[in-house]
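Hi,

Here is the structure I promised to pass on. Have a look at it first, and my notes follow below.

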Amino acid sequence: NVTVDNVKIIPVGTKGSDQEVMIQIDIAVEATYPAFKGTSFGDGTVCKNVVIRNSTINGNRGIATGYSYKDAKYLNNAHTGITIENNTITGYGGEGIFLVNAKDAVIRNNIITSNYTNTSVDKAIGLHILSVGNITNTKYTVTGNTARGHKYGIRAYSREGTPLNTVIITGNKAYSKAGADAAIQADTKYITNLTLNNNTEAKWN
């Protein structure tokens, strides 16, 4: 139960080549926090009921969730109750928001930008939603946002496991440097119950 409200996170100095996240909603595993090596703390504990709102967040990546990408034992552990609302979020070396293996999340009324220009990898995305493994009964509600990315404005998909269950993308403005067709990338191949309504999709000029 954590609320981040009305904060400003703006790094100083020059942008590096790494993917450090300004706010990481993390999982307790060694891969995401090496200090857990050799301790009893790396037990796959995830976050519950996290609210980030009314804030300005800039960095290589803005907000991201961690997942157990090296230890299969905890791969299906998912964060729950994530709310991200009324923020201005900019990623310079990756996504504005990258949510992976969250069971339910609400993303609403944010301005989300990825200024990362390398479209050969899946980081040049404003809002990036991803499921890896077998996370069941997932639900994402994405509404009222303005999202910009060089590859996609908004992307939701699953990889190597169970499709996302419910994804609701309504009332957003999404822009991609690749053109209007890439502004929102969400396909029923990866999502069981997909709702796409009243979104504006356009090229990011």
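Let's start with H79, which sits in the loop between β6 (61-65) and β7 (80-85); strands here are DSSP runs of E, at least two residues long, numbered from the N terminus. A word on the source: this is a predicted model, where local features need pLDDT of at least 70 and side-chain atom pairs count only at pLDDT 80 or more, while totals for chains, interfaces and linings use all residues. Residues are numbered from 1 along each chain as its sequence is written, and side-chain values use heavy atoms, with hydrogens and water left out.

Back to H79: is it buried or exposed? H79 is buried, because its relative accessibility is 0% (buried is under 20% relative accessible area, exposed over 50%, partly exposed in between, with a 1.4 Å probe and protein chains only). Its side chain reaches the backbone oxygen of G66 at 2.8 Å and the backbone nitrogen of C47 at 3.1 Å. Leaving out residues up to four places away in sequence, H79 also touches, among others, I25, V46, V100 and D104 (contact means heavy atoms within 4.5 Å).

Next, the two asparagines. Most residues other than glycine have a negative phi. N6, in the loop between β1 (2-5) and β2 (8-9), has a positive phi of about 60 degrees, and N6 is exposed at 62% relative accessible area. N109 lies in the loop between β10 (104-108) and β11 (111-114); its phi is also positive, near 60 degrees, and N109 is partly exposed at 44%.

Cheers

Notes:
Helix = DSSP H or I, 4+ residues; strand = E, 2+ residues; numbered from the N terminus. Polar contact = N/O pair within 3.5 Å; in protein donor to acceptor, adjacent residues only side chain to side chain.
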